[in-house]
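Work through the exercises below with the sequence and the model at hand. Each task is followed by a solution in steps.

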Amino acid sequence: MDAQIRDINLANPDEFEEWKNFLESLGIANFSGAEVDPLDGTIGLFEGDKLVGTGSYSENILKYIGVCHKDTSNGVYFNKVVSSLLTRLGQLGVFHVFVFTKPQYSKSFQHVGFSEIVQSENAAFLETGNHNIKDYLAEIPHLAGDDISAIVMNANPFTLGHRYLVEAAAKRSKHVYVFVVSTDKSLFNSKERLELVKEGTKDLENVEVVSGGDYLVSYATFPSYFLKSDKSKVVYQTTIDALVFKEWIAKNLNIKTRFLGTEPESKTTDVYNEVLRDVLPPEVKVEVIPRKENGSGDIISARTVRLAIKNDNISSIRNIVPTSTYDFIENHLGELQDRIKKGMKIDGN
């Protein structure tokens, strides 16, 4: 009997239970006490009414791919599931696709056209499509010299706390890359955040502001940054993100130091900083800069700015953001408040 691809509706309790039990039987996932990652679609491969393979996608990331054990000899089911997902994403206009998988499955994905970017003890990270990490690196200006450092920030929005970190790096390095997270999971979208960082640092001649693309604290490399996740998931994702930075970004751009700000208000970012300190040295030195405080002794936080926007009290933040950030907020206050009313979260990173 030929196996057929059908959609699986995870909102249907019976279909969800069958899907969950299938993945757990394969050791692909363990859902006890854990939430299912947000998914945009899920397909199943069926022999009659029997589920023999499945795969899901979220934006441009493949997730929860598994096929029954009888497929291990020839990979027909695996190939059919992955090719069906890639076809589905192509119909949606998505032609650059990532996958997280266990290291032992990396070769299977490479056999269907994926290229491995990095591999850790617990996970492999691969991509396929019309763009790759080498293309991304080719688009970034390459700076001359050996004394080059980097900062990665979400800047949601850019505050004087962020500015303080950039200034500290600029004083200690000949050149500084500031990579701005590009994923649109924040109150300020990626274009807005990138422009606010550029505007807020334009007087610093040795600072180069660039997009983090799909490779630095993105929804592909580090989805837990944007979600509530347990520490173990954060650790394995941050390890992948740190390896991408170390083995590709730093190596190709000759970055010798990564500057971090302390993160007392974000457990996720605090774990991320721990992983960076473990993974990056000795090739990349890690320097931690204490967060800047306001006049009252409180750290300057982008969350404070977002709360002020929500509460229509932006005059209270004038002394903790650059003029360029304040002017943008003032000129777009209604639009930002509408985003919050429509469900855009203001907590988190």
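The model is predicted, so local features need pLDDT of at least 70 and side-chain atom pairs count only at pLDDT 80 or more, while totals for chains, interfaces and linings use all residues. Residues are numbered from 1 along each chain as its sequence is written, and side-chain values use heavy atoms, with hydrogens and water left out.

**Exercise 1.** Determine the strand order of the sheet of 7 strands and find its edges.

Solution. Take helices (H or I, at least four residues) and strands (E, at least two) as DSSP runs numbered from the N terminus. Count two strands as paired if DSSP finds at least two bridges between them. The order is then β1-β2-β3-β4-β5-β7-β6, in an open sheet with mixed pairing. Next, look for strands with a single partner: these are β1 (4-7) and β6 (115-119), so one side of each has no neighbour in the sheet. From one strand to the next the twist averages 25°, with axes being lines fitted to C-alpha atoms (for helices over the stretch in contact) and angles running from 0 to 180 degrees between N-to-C directions. Within the sheet, β3 (residues 50-58) and β4 (residues 61-67) run antiparallel and are joined by 5 bridges. T54 faces G66 of β4.

**Exercise 2.** State which strands helices α1 and α2 lie across.

Solution. Contact means heavy atoms within 4.5 Å. Helix α1 (residues 13-26) lies across β1, β2 (41-47), β3 and β4, at about 95° to β3. Helix α2 (residues 76-91) lies across β1, β2, β3, β4, β5 (96-101) and β7 (124-129), and runs at about 155° to β4.

**Exercise 3.** Describe the open sheet of 5 strands and the helices that pack on it.

Solution. The strands pair in parallel, in the order β10-β9-β8-β11-β12. Each edge strand, β10 (207-211) or β12 (285-289), has a single partner, so one of its sides is left without a neighbour in the sheet. Twist here averages 25° from one strand to the next. Strand β11 (residues 257-261) is joined to β12 by 5 bridges in the parallel sense, and R258 has V286 in β12 as its bridge partner. Helix α5 (residues 160-172) packs on this sheet and touches β8 (148-153), β9 (175-180), β10, β11 and β12, making about 170° with β8. Helix α8 (residues 267-279) also packs on the sheet, touching β11 and β12, and makes about 160° with β11.

**Exercise 4.** Which residues of helix α11 are buried, and what do they pack against?

Solution. Buried means under 20% relative accessible area, exposed over 50%, and partly exposed in between (1.4 Å probe, protein chains only). In α11 (residues 333-341) the buried residues are L333, L336, Q337, R339 and I340. They span an arc of only 155° around the axis, which places them on the same side of α11; the arc is that of the directions from the helix axis to the C-beta atoms. Their packing partners are α6 (190-200), α9 (302-310) and α10 (323-331).

**Exercise 5.** Is R193 buried or exposed?

Solution. R193 belongs to helix α6. Its relative accessible area is 0%, so R193 is buried. Leaving aside neighbours within four places in sequence, the residues in contact with R193 include N154, D184 and F188.
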